[in-house]
Amino acid sequence: MLRYLTRSPSNASSTSLFFRLFPGSYFSRSSPATGRNIRRLSSPSAAGTGRELFLRRGLRLLSAASGDLSGQFSRLSARAVSTQTAPSSYPGQDEAEKLGFEKSREEFISECKSKALLFRHKKTGCEVMSVSNDDENKVFGVVFRTPPKDSTGIPHILEHSVLCGSRKYPLKEPFVELLKGSLHTFLNAFTYPDRTCYPVASTNTKDFYNLVDVYLDAVFFPKCVDDVHTFQQEGWHYELNHPSEDISYKGVVFNEMKGVYSQPDNILGRITQQALCPENTYGVDSGGDPKDIPKLTFDKFKEFHRQYYHPSNARIWFYGDDDPGQRLKVLSEYLDMFDASPARDSSKVEPQKLFSGPRRIVEKYPAGGDGDLKKKHMVCLNWLLSEKPLDLQTQLALGFLDHLMLGTPASPLRKILLESGLGEALVNSGVEDELLQPQFSVGLKGVSDDRVQQVEELIMSTLRKLAVEGFDTDAVEASMNTIEFSMRENNTGSFPRGLSLMLQSIGKWIYDMDPFEPLKYEEPLKSLKARIAEEGSKAVFSPLIEKFILNNPHCVTIEMQPDPEKASQKEVEEKNALQKVKASMTDEDLAELARATEELRLKQETPDSPEALKCVPSLNLSDIPKEPTYVPTEVGDINGVKVLRHDLFTNDILYTEVVFDMGSLRQELLPLLPLFCQSLLEMGTQDLSFVQLNQLIGRKTGGITVYPFTSSVWGSDVPCSKVIVRGKSMVGRTEDLFNLMNCVLQEVRFTDKQRFKQFVSQSRAGMENRLRGSGQGIAAARMDAMLNAAGWMSEQMNGLSYLEFLRTLEQKVDQDWEGISSSLEEIRTSLLSKNGCIVNMTADGKSLTSTEKFVGKFLDSLPEKPSDGQVTWDARLPLSNEAIVIPTQVNYVGKAGNIYSSGYKLDGSSYVISKHIGNTWLWDRVRVSGGAYGGFCDFDSHSGVFSFLSYRDPNLLKTLDIYDGTGDFLRGLDVDEDTLTKAVIGTIGDVDSYQLPDAKGYSSLLRHLLNVTDEERQTRREEILSTSLKDFKEFAEAVDSVRDKGVAVAVASQEDIDAANKERSNFFEVKKGL
C-alpha cells in the first residue's frame, strides 16, 4: 500500500504531530481503503451521507462493525494511548545478552501507561523497541529506511513483492493465506517516500506470533529476489497474448500508480513534495511514476533488497500484553543469521538545503471536457519549514497553529479562503511533519484562471493579518480542549493503538533520533499551555508564522491547469512507446514474448499445492470461541423515549447518539439532507455566529456530528432510514453536550445563502474527487440504487445522482434561495420529533445514571408530533448496464444482483464463501493475472445484493467475464479440510473485529435499528462454523443469478467504454461523469 502524504481538504491538519488522524490517513474519505488487502471500510461520519459501506455486509452487524467509528468524529485525532498498566515480567539484561541483545534504554511512559525498552542487537546493530502494557491488541512492525534514487517505484514494488512467498513459506502468496485464515486486526504493508513498513496486529497470541514469523521471513528471505515472475506480476511486464496483437504493459503497481496519476489532488501532492525537495530522495516518487516504472530492471530490484532489507537498516517494534522475553527469542532466530551491514549509513536521508528565494511551477492535470475549464485551476503555496528536524516543543506548537488556522470550519485561514468565493474547496492544506523536514501547504481548487493571483495574495495577506492580530481567545481554548480531550479519549477507532504509537515513534526513530520522544507529550503540552497563559497566544504563535512562513524564502507556488487532452495524450504516448518496442522485435522475439506471457499467466492461475499451503501457520477451530462477543445493553426509557444503555469503561467519557426517523420526509427533499446536516453544524443561531457555535462545541465537548443513515432490513421491504446526531464529552460536561445538541438541532437558522453556496461547491468538488479516486464506491452505490430502496436512498445522497443534484443546485442557490431555505426548514420539521426518537449511551454505569436528568431535559425540549404521514420508500433506478465516463487511465468495474430474488435463503456460510471468492478467484484472476490493484466481492445480507467490484483495473469486459465465471469456479472447487478451516477462521476474524468501547455501543445501536438479535447472531455464527464444501457448491446457483440477471456499472475512460460497446454492441448505456 502506498502511504499518501497529501493533506486532505476535509481534515487539513491530519498529518501534523498530535493531530494525526491515523485511520483517516490510511482510509480517508478522499481515497478508498487501498493496499494489498483492499477493504471497504467507512466511518459513519466520514462520508456523512448515505448507507455506510461497512454496513453493506450484514456480516458486520452480526458482530462488531470494523470501520473506524470515531476517527472523523472530531477534527483532531485521538492519541494512541493504552489505558492499562504494563506487564510485570520483562527480559533482564542477562537474558537479553544470551539472546544477543543489549538494553540501550528503559522508561515507563505514563502517557500510554507502558514500559518501553529499547534494545540493540549486538551482531547487526538492529534496534528493537519493546513496549509492554495490558492492551490485548498486540502489534508488531518492521520498518526499513528505503530512499529511492529515481521514480521507477522500487520501494513500492518491493513492498508488494516480498509478501509473495519466502524461504519458510514457499507458496505464491502467504499474505493471502493470512488474509484467509487469521484473526488479524491489522495486516498490511505500506511505502512512504523514504521508508517501508510491515505491520501486523492481533488479539490472539498464537495468531499474533504466526503473523510475526511470516512477516519476518518475508522481509529477510523473500522468494521474489530469485523469481522474475513476481517482479513482473507486482511491478511491470510486457504482455502479448498473440504475436499479431498489440503489446501492453501489465503489473499491479503499474496500474495502481496509473490510478494515482489520474487524480488531480494526488498529482499536486507529488509535485509539491518533489518541488520542495528537488535535491534529495523526496525529489522522486517512491511509489513510481507510470512513465518511469518500465525502466526498472530485475537486477536493480534485487540489488535494492540486498542493500536495504537488512537488520542493520531495520527498526523493529513490539507492543501489547504478550511476553516481552518471547519477542527477543523470536527475533534472535532471524537476526543472528546476519552480520553487520553498512546499510544504516548508506540509507541516510540527506536534508534539503533551503532555497534563497521563492519558486513557481505550472503543471497540467487530466480533466474532463465538460464545464468551464477556465474555472478548474488549482493553486497551492508550499513551504519547507526548516533545514533541520524540529524539537518536540516547536513541532507541537506548529501543530497547534495548524489546527488554529485550518483545523475547523471556523478556523480563520480556512474560513477566509472559502468565503472569498475564489475557489471551491481547500486542497493539499496543512502541516506535514512525517518526513525529515516539515512542510506547510495551503491552496484552493476550482479557481478561475484570472483569479489565481488573487488567491495567492489572499493567502499571504491573511497569514500576515494572523501574525499581527493573533487568534481569538475562544478559538485557542477550543483547540486546547480538543487536543486534551483527544489525548484522554485515546481513541484510534479500528486502527490499533500500538500501530498508531509505532508510526509516531518511527517518525523520529527512522532518522536516528529519539524514538521515545514522540510518545511523551505531557511535558511539552504543559509547557505550551503555560507559555500561552503567561505570554498570551499571540506571543507564542505569531513568531512561528513569521519565521516559518512569512520570512521563509523556501516557498514554492504551484498552479495546476486543467487539460482535457492530457489523459488521452498519456495513452497515446504509451501506445507509441509499445509500438516501437514491438517494431524492434523479430518474429522469434514476439513468439517468445507470447510464450512468456502465457507462462506467467499459467503460473499465476495455478493454485498452490495442499502441501505448500500447510506450511503457513494457522489456528484451529478449537481456538475460536463458540459464541459471539456480547455488548452489555439495557433497553429502557426516559420520559417516554427509548434509551439504550451500554455499561462499559470509557475513561470518564460519555458517547451518545440521538436517532430520528426519516419516515415523514418528502422524497424530493432527500438529496438536500446531507447539506441540511452540514448546515446544522456550520451555520449560526440568532445569538451565535457559526464561528462562535463551532468554538463552543470545541470548548465544551469532544465533537458533535450529524449524518443520515440508511440500510435494508432483512426480511422487510421497508428500509431503515434515520438521521443520527452523534456526540461525546467528558461525563462532567454532559449537560453542555445535550444543550449544544439542542442548540444545533433547534436554534440554527438557515439564512446564510453564501455559506450554503460554499457547502454546495465544496460537496460537488468532493464528489468529483471521489468519482476519480473511489470509482468502485460510485459503481457500487449505482448498482444498489437499481436493486433496492435503501440503495436508491443512499445513492441520492452519496452517488452520481447526488453529484448531478449538486451541479443543478449550485446554479439554483442564487435564483431560489428562499425556496431552498424553506426546504431546509421543512426537513427539520419532518425529522425533529420526540416520537420515534431513540437515544443510545455508552459509559460506565455510574456515569449513565448521572446523565439521565440532562437527557430527560433534552428530550422534553423536542416537539411531539403524531407519527402519521409516513413516506413509503420504494424507488429504484432503472435496471441497465451503465458506464460512467471520467478522464482516467484505469477503470472501476462492478456487477451486482439480488440473490434473494433468485430464491437464496440466508445462511451464515455465505459470509465464508464470499470471503473465499474474494481471496482466491477474484484475487488471482482480477488482481494477479488481470493486473488490477484490487478485486473483491461483497454480500449485503440485509438486502440480498451480491456485488463484484474492481479497483484501478486496466480491463473492463474481461473483468466482467471473470465475475460471470464465479459460479463455475465454485462448482469446480475442491477444498481440503485445512483450507475450509482457514476460510471459517478468517470469517470469524471479520465477525469478531476488535473494537473500542464507543464502537461497541454504536454497533449495538445499529443491530437494534436493523432488528439483528443476539439469537440471530448465534445462529449465523454456528452456520459459519459448520460451513461445508456442499455449501460452496450450492451457492454457485445464487452467484449464477448475478451473472444472468445482474447489472453492470463501470467508471471508466471514454476509450475503454467505446471499445467495450464496439465489442458487445451497445452493452453499456453511457453517462458523463466528468
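**Close-up 1. Surroundings of N313 in the predicted model.** Apart from neighbours within four places in sequence, N313 is in contact with V143, F144, R145, Y308, A343, R344 and S347 (contact: heavy atoms within 4.5 Å). This is a predicted model, in which local features need pLDDT of at least 70 and side-chain atom pairs count only at pLDDT 80 or more, whereas totals for chains, interfaces and linings use all residues. Residues are numbered from 1 along each chain as its sequence is written, and side-chain values use heavy atoms, with hydrogens and water left out. N313 belongs to the loop between α11 (298-308) and β10 (314-320); helices (H or I, at least four residues) and strands (E, at least two) are DSSP runs, numbered from the N terminus. With a relative accessible area of 0%, N313 is buried (buried: under 20% relative accessible area; exposed: over 50%; partly exposed: in between; 1.4 Å probe, protein chains only). A polar atom of the N313 side chain lies 3.0 Å from the backbone oxygen of Y308.

Close-up 2. Most residues other than glycine have a negative phi. K113, in the loop between β1 (101-109) and β2 (114-121), has a positive phi near 45 degrees. K113 is partly exposed, at a relative accessible area of 36%. N1066, likewise not a glycine, has a positive phi of about 50 degrees. The loop that holds N1066 runs between α40 (1054-1063) and β28 (1069-1072), and N1066 is exposed, with 64% relative accessibility.

**Close-up 3. Helix α16 and the residue that follows.** Just after α16, G470 takes a positive phi of about 80 degrees.

**Close-up 4. The six-stranded open sheet.** The 6 strands follow the order β25-β26-β24-β27-β23-β28, with mixed pairing (two strands pair if DSSP finds at least two bridges between them). Because β25 (934-940) and β28 stand at the edges with a single partner strand each, one side of each is left without a neighbour in the sheet. From one strand to the next, the twist averages 15 degrees (axes are lines fitted to C-alpha atoms, and angles run from 0 to 180 degrees between N-to-C directions). Strands β24 (residues 892-898) and β26 (residues 945-951) pair in the antiparallel sense over 5 bridges. The bridge partner of G894 is L949 in β26.

Technical notes. A polar contact is a pair of N or O atoms within 3.5 Å; within protein, one must be able to donate a hydrogen and the other to accept it, and residues adjacent in sequence count only if both atoms are side-chain atoms.
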